[in-house]
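Hello,

Here is the structure I promised you. Please open it and keep it in view while you read my notes below.

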Amino acid sequence: QLQLVESGGGLVQPGGSLRLSCAASGSTLENYFITWFRQAPGKEREGLSCISKSGLFTNYADSVEGRFTISRDNAKNTVYLQMNSLKPEDTAVYFCAAKNFFVRNSCFIDKRGMEYWGKGTLVTVSS
């Protein structure tokens, strides 16, 4: 059974950067595509970005396009989310999720299809 653990959250000033990590155990992360989500208080969970099993295909939500970058290191069983130019509205709990998908070079941003979830890491953007 795949287990996911997010880390790297914290308090950052507006305009700052953070790098989140999603570390996998219990199975080889290479078998899954990964999607990052976030959920702010009182709001629905929002999909942000996904990366294919191969790492060759990525996709981003409009809200983070150009500011966030997703990457993966299958040798380390870890996926990253580099977040730059952070805004107060980026404050949320950030989750990674995995899906075992038969297509190696594709992924999607949809919480309904994800099979495994981490417990999240809190990102607070405030001065």
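Four strands form an open sheet in the order β1-β3-β8-β7, and their pairing is antiparallel. Two strands pair if DSSP finds at least two bridges between them. Strands (E, at least two residues) and helices (H or I, at least four) are DSSP runs, numbered from the N terminus. The model is predicted, so local features need pLDDT of at least 70 and side-chain atom pairs count only at pLDDT 80 or more, while totals for chains, interfaces and linings use all residues. Residues are numbered from 1 along each chain as its sequence is written, and side-chain values use heavy atoms, with hydrogens and water left out.

Look at β3 and β8 next. They pair in the antiparallel sense over six bridges. C22 has V79 in β8 as its bridge partner. S21 is also worth a click. It sits in strand β3. Is S21 buried or exposed? S21 is buried, at a relative accessible area of 15%. Buried means under 20% relative accessible area, exposed over 50%, and partly exposed in between (1.4 Å probe, protein chains only). Not counting residues up to four places away in sequence, S21 touches V5, E6, S7, W36, T78, V79 and Y80. Contact means heavy atoms within 4.5 Å.

Now the disulfides. A disulfide is a covalent bond between the sulfur atoms of two cysteines. The rule used here is a pair of cysteine sulfur atoms within 2.5 Å. How many disulfides does this rule give? The count is two.

One joins C22 to C96, with 2.1 Å from S to S. C22 lies in strand β3 (residues 18-25) and C96 in strand β9 (residues 92-100), so the pair ties together parts that are 74 residues apart in sequence. The torsion about this S-S bond of C22 and C96 is about 75°, so the disulfide is right-handed. C22 is buried, with a relative accessible area of 0%. C96 is buried too, with 0%.

Another joins C50 to C107, with an S to S distance of 2.1 Å. C50 belongs to strand β5 (residues 46-51) and C107 to the loop between β9 and β10 (116-117), so the pair links parts that are 57 residues apart in sequence. Its torsion is about 65°, so this disulfide is right-handed. C50 is buried at 0%, and C107 counts as buried at 8%.

Last, the cores. A nonpolar core is a set of buried Ala, Val, Leu, Ile, Met, Phe, Trp, Tyr and Cys residues joined through side-chain atoms within 4.5 Å. The largest has 28 residues, and W36, L81, M83 and Y94 have the most contacts inside it. Two or more residues come from each of β3, β4 (32-39), β5, β7 (68-73), β8 (78-83), β9 and β11 (121-125). Another core lies apart from it, with seven residues, among them F33, C50, A97 and F101.

Best wishes
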